[in-house]
Amino acid sequence: MSVFNQSRSTIIRLIFLGIFIIIIAQLMNLQLFSGKYKQLAFNNAVFAKVVYPSRGIIYDRKGKAILNNTIMFDLVVTPNQVKNVDTSLLCALLQIDTTEFNRRMAEAKFKNGRYRPSVFRDLLPADMYAKLDENMWKFPGFDLVERPVRVYPFNTGAQVLGYIGEADSSIIKRSNGFYRLGDYVGRSGLEQYYEGTLMGRRGVQYMIKDNKNRLVGRYENGIYDTAAIAGKNLRTYIDVEVQQLAEKLMKNKIGAIVAIEPKTGGIISMVSGPDFDPNLLTGPEKRANYGKLSLDASNPLFNRAIKGQYPPGSTYKPLEALIGLDEGVITPRSGIACSGAYYGCNRPVKCTEKWPGHAANLRLAIAHSCNSFFSNAFRLIVDNPEYRSSRVGLTKWKSYANAFGYGHRTGVDLPSEDGGNIPDTTQYDKEYRGSWNSCTMVTIGIGQDKMLTTPLQIANAICIVANKGYYYTPHFVKTYDGESQEDTVLNIYRKQHEVLTHISDSAYNTVIGGMNDVTIVGTAARIPKIPGIDICAKTGTAENYKVLDGKRTKLKDHSVFVCFAPRDNPKIAVAVIVENGGFGATWAGPMAYLVVEKYLTDSLRADRLAEVDRISNTNLLPSWLPREQYKLDSARAYYRFSLTKDSNVIRKYLKGGYRPPVQEPEIKKAPAKPQPKKDNALPVTQVNPMIDPEKTNHPKSLNRRNEPA
Amino acid sequence: MNQHNPEISKGVDWLLVWLYIILAGIGIMSIFAATFREGDNVLQGFLSLKTDYSRQTLYFGIASILAVFILLTDSKFFTATANLWYAAGMFLLLLVFPFHTNIKGTESIIKIGGAFQLQPADVCKVFVCLALAKYLSRVETDFSKTQSQLIAAAIALVPGLISIAQHETGLALVYFSFFLVMFREGLPAGILIIGFSAAVLVVATLLMEPNTLAIILTAIALLCIYIMRRQIKRKRRLLFLIIGIWVVCVGVQRFAVPFMFDHVFKPYQVKRIYDTIGKEYVPKNAADIADLEANGAKKKDDGDYNVRQSKIAIGSGGLIGKGLLKGTQTRYDFVPEQRTDFIFCTIGEGFGFLGSFILLGLYFLLLMRIVTIAERQRSVFSRAYAYGVASVIFFHIAINICMTIGLAPVIGIPLPFISYGGTSLLTFTVLLFILIRLDADRQMVLR
């Protein structure tokens with residue numbers, strides 16, 4: 001009866017065929033023509049796990065590791081595996097309460113989800129780790145995971161070695177995405193400067209993850225993985241014992257010590273006071289510690305050795321002697337009749353010595369640090385008739401000062417060095433509207449005025465004197481493991497800069513002799529000698545001012561000292577600055593001597609150890625510090641208060657802080673100058689009256705151009 | 001059959017048997033690929049009966065035994081008991097209401113003992129197939145009569161309606177596939193066309209602005225009147241017919257579809273339909289959101305997660321696929337339900353376009369073979385039954401594969417012979433082997 005419907009069989013077959021063709025067309029579309037699904041599936045299932053290489057170790061010159069790696073433990077939780085955990089015990093071990101526990105659990109779930117591990121507590125302290133490790137079986141879902149951490153075995157060199165921290169957004173941006181959130185990078189010091197060398201090369205492991213983002217195995221058995229290459233170890237010039245000694249000496253003081261090996265430019269020690277325990281910035285409390293350090297008014301995070309701007313004071317005088325000799329405006333036999341001040345200009349420049357003959361010749365002038373002699377010599381350099389203009393003279397002087405490494409960065413292998421300041425004509429033109437002469441900046445001759453230098457520059461300049469004209473850029477790193485000539489970053493430090501070799505050896509010998517005299521008969525003669533070592537030194541006493549409570553206040557002089565030793569074949573050059581330490585030979589000198597002795601003889605004599613303790617225990621922190629700290633704290637307390645409107649924060653931030661006395665703080669009473677010689681009426685007769693600079697005709701032997709060059 | 005039949009293999013269509021075995025084998029392999037875990041002992045896995053692939057192997061064994069029993073059965077048995085089976089099926093379906101267990105949002109499953117589950121709506125396909133064939137083959141049935149057509153439709157659709165009442169829309173839709181049988185047996189083509197047009201209208205309603213669609217419908221109506229103006233002059237009724245159709249269409253578009261979506265369908269079903277046609281479903285109230293969450297839609301905008309992951313799995317297979325056990329999408333559980341409804345992903349990812357094409361080829365061969373067998377039957381019963389088998393299998397294949405590749409909404413119906421599940425495999429085996437049994441006796445006229 002339905003035979004006539006047989007054609008419908010064909011229709012049904014066609015319907016089947018049609019649907020199958022549609023399915024096949026869509027399959028072709030998905031599988032053959034759109035390539036995106038492969039990538040999507042790959043992204044779904046493969047996770048590129050970064051393998052961090054171990055960071056390079058930093059060694060001192062004797063092969064002791066001063067910055068090393070160690071393992072600490074994080075407590076990690078996988079929320080979905082947490083079952084029957086003894087919460088109260090865990091809280092007790094971690095020293096947290098239940099609310100904090102719940103908060104952290106919620107945070108872990110929020111951050112990484114229920115199926116992936118998140119850090120519950122990072123960097124467990126050793127005792128907490130030990131207790132937890134015993135009880136781990138009671139806490140299913142919790143794990144102890146290793147994490148490499150930097151450690152400073154000698155607790156030394158905080159500002160030099162630097163520290164590592166998590167990369168912030170600006171670093172990530174600058175690195176073009178090389179660093180990712182959570183990566184650790186060097187944030188200061190050698191850690192930052194040698195980041196590329198120390199960090200090594202990261203590896204990648206392709207891991208398979210499932211739909212809950214759990215890692216379940218290696219992708220393709222790891223054939224696409226790249227291995228991590230460990231960071232290279234740095235071998236430095238640092239002598240860790242000298243560094244520790246220098247840090248001990250700088251305790252309770254603001255200032256800096258820099259010791260350089262003149263023959264190589266290698267930095268033996270660099271200390272900035274006050275410093276801090278570098279391990280504060282590695283452990284579990286690093287964030288809190290960093291906060292404390294950054295809010296300290298004495299600014300321990302600030303490396304004064306490369307960033308502190310100090311007038312070099314009298315330590316500049318040997319350099320000026322060399323400039324004068326090279327320019328031919330003075331000779332070794334030049335002298336000046338100084339009676340306690342230089343009266344060549346309107347305002348007298350005072351001198352610490354007034355007995356006749358203390359500046360009878362160049363060596364004596366250096367030995368006794370005669371201000372008159374060097375004020376005069378500076379004017380002679382600037383007003384050199386050869387140039388017919390003190391503008392040209394000042395520019396010439398500036399080029400010499402720059403050649404000594406002043407006024408520009410030395411290029412040391414540390415980040416964010418400062419260059420100091422060597423004033424030029426435009427600076428004076430601006431200030432004095434073009435009307436100035438050599439008298440305007442006469443105190444440059446004694447290392448004051450607008451001349452500002454960093455301790456590193458001062459030390460480097462003394463290296464140039466010790467080397468008789470050349471220097472190597474100061475640097476810490478001698479070599480690193482696996483260094484090759486092609487890819488090294490250290491070539492710039494192996495180039496000898498012959499900046500001032502054109503100055504005659506006899507000029508150098510005269511000045512070096514003068515510096516040697518400093519330690520024998522001169523300003524540093526009272527510092528006990530080191531037997532068998534001939535030291536050449538120069539003291540400095542730098543006047544300085546600071547704006548305190550809106551007033552430019554004169555503070556106690558900085559104690560400055562430079563030296564190198566031994567005299568022949570110098571092995572170490574040291575520069576020391578102690579802020580507000582007074583006379584150069586009082587604090588900076590003995591400290592430099594101790595550093596030299598420790599470095600050259602590898603030990604200290606027994607009686608010297610007592611001297612180390614005496615210096616170390618002396619507190620020379622300036623009197624303005626507590627008040628500045630108080631201002632800083634109260635400003636912050638007020639800021640927090642204005643944010644929270646909670647008066648408790650004021651108490652919190654000012655807890656234990658400095659309470660200002662009802663009366664004005666004592667800053668104003670700070671001694672103005674170390675030498676209380678004001679009452680002595682200075683005899684005017686012995687000093688030349690005002691002389692026209694162009695026609696300077698100094699008494700005795702200050703004849704120009706009759707000195708053999 | 002009174003004559004002695006010395007061997008059961010006489011008259012058996014071996015091509016179908018082989019296709020069945022191959023497909024079931026592919027099924028076990030795919031389930032293995034989808035559920036095997038790195039480090040498992042393969043042999044132990046197959047013997048333990050704890051893994052899904054070993055269970056499926058067991059089901060295949062049971063199904064084979066059942067198949068042999070069916071082949072040993074007299075073919076008259078099926079015609080004789082067709083209505084009885086149907087009645088039993090209906091009873092089972094009704095039994096669900098008091099005894100169902102609520103699993104995954106459906107209320108159509110009876111749990112017997114601990115492990116065994118029975119889904120009457122699934123099993124009923126066989127009974128409907130038999131009963132429909134029985135009804136169509138009755139001597140007194142004149143299928144050109146509307147009354148007969150209505151009765152046939154009722155036989156096919158009543159289990160479907162009961163399934164809908166049990167929140168099992170997917171299986172209910174399967175029963176609509178029996179219209180293909182009726183079409184073959186003389187149901188006017190117009191009904192199929194009307195049905196198809198209605199489907200187009202519903203989809204268009206969902207996709208288009210109501211007013212735009214109304215204007216288009218009006219334009220079509222006016223065009224029809226213009227084209228048929230001569231016939232209309234002769235027959236006034238034609239004009240009313242066209243206007244009537246227009247009114248119905250606009251009514252459906254304006255009122256019926258919104259009513260259905262608001263009151264009849266569950267929000268998760270609406271969402272699936274919306275996801276398929278690429279529209280965003282915005283739940284109207286908190287109850288809707290709660291319903292969505294109860295039915296597996298994890299997040300607000302993650303409704304098409306399954307389909308997206310499934311498309312990624314199939315698409316990433318490329319031309320030749322990643323190989324057995326190499327598919328990252330299916331190995332690491334990105335595709336949900338991948339051993340049951342989304343089993344095709346495993347094949348698409350593991351064996352690529354070629355593998356999928358071969359599988360589709362096997363299915364197509366199976367369907368063509370069934371249609372061929374149907375046409376060579378002397379008895380209407382066998383033919384109608386064969387078409388029933390073809391329709392059901394075809395519908396399952398088409399909807400299942402289309403939903404994995406994003407052409408159909410996600411309605412949970414299994415891929416015949418391949419998807420994991422004892423009930424499904426046994427049902428299809430019975431369905432197919434009754435056909436083979438009937439075909440072996442194709443010289444007889446069965447009533």
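**Close-up 1. An open sheet of three antiparallel strands in chain A of the predicted model**. The strand order is β1-β8-β9 in chain A. Strands β1 (46-51) and β9 (215-218) of chain A form the edges, each pairing on one side only. From one strand to the next, the twist averages 45°.

**Close-up 2. The pairing of β8(A) with β9(A)**. Strand β8 of chain A covers residues 203-209, and three bridges join β8(A) to β9(A) in the antiparallel sense. A:I208 has A:G217, in β9(A), as its bridge partner. Strands of a sheet pair through backbone hydrogen bonds, either parallel or antiparallel.

**Close-up 3. The interface of chain B and chain A**. Chain B contributes 49 residues to the contact and chain A contributes 34 residues. About 3,800 Å² is buried between the two chains, and carbon and sulfur atoms give 73% of this area. Zero salt bridges are counted between chain B and chain A. Seven residue pairs are in polar contact across the interface, with both residues of each pair at pLDDT 80 or more.

**Close-up 4. The side of chain B that touches chain A**. The elements of chain B that give two or more residues to this side are α8 (179-184), α15 (305-315), α16 (328-331), α17 (343-375) and α18 (380-404). Helix α17(B) provides the largest share, 14 residues. Sorted by class, this side of chain B has 31 nonpolar, 11 polar and seven charged residues.

Note on methods
Residues numbered from 1 in each chain as written. Chains lettered and ligands numbered in written order. Predicted model: local features only at pLDDT ≥ 70, side-chain atom pairs only at ≥ 80, totals over all residues. Heavy atoms only, no water. Pairing = 2+ DSSP bridges. Helix = DSSP H or I, 4+ residues; strand = E, 2+ residues; numbered from the N terminus. Axes fitted to C-alpha atoms, helices over the stretch in contact; angles between N-to-C directions. Contact = heavy atoms within 4.5 Å. Buried area = accessible area lost by both parts, 1.4 Å probe. Salt bridge = Lys/Arg side-chain N within 4 Å of Asp/Glu carboxyl O. Polar contact = N/O pair within 3.5 Å; in protein donor to acceptor, adjacent residues only side chain to side chain. Nonpolar A, V, L, I, M, F, W, Y, C, P; charged D, E, K, R; others polar.
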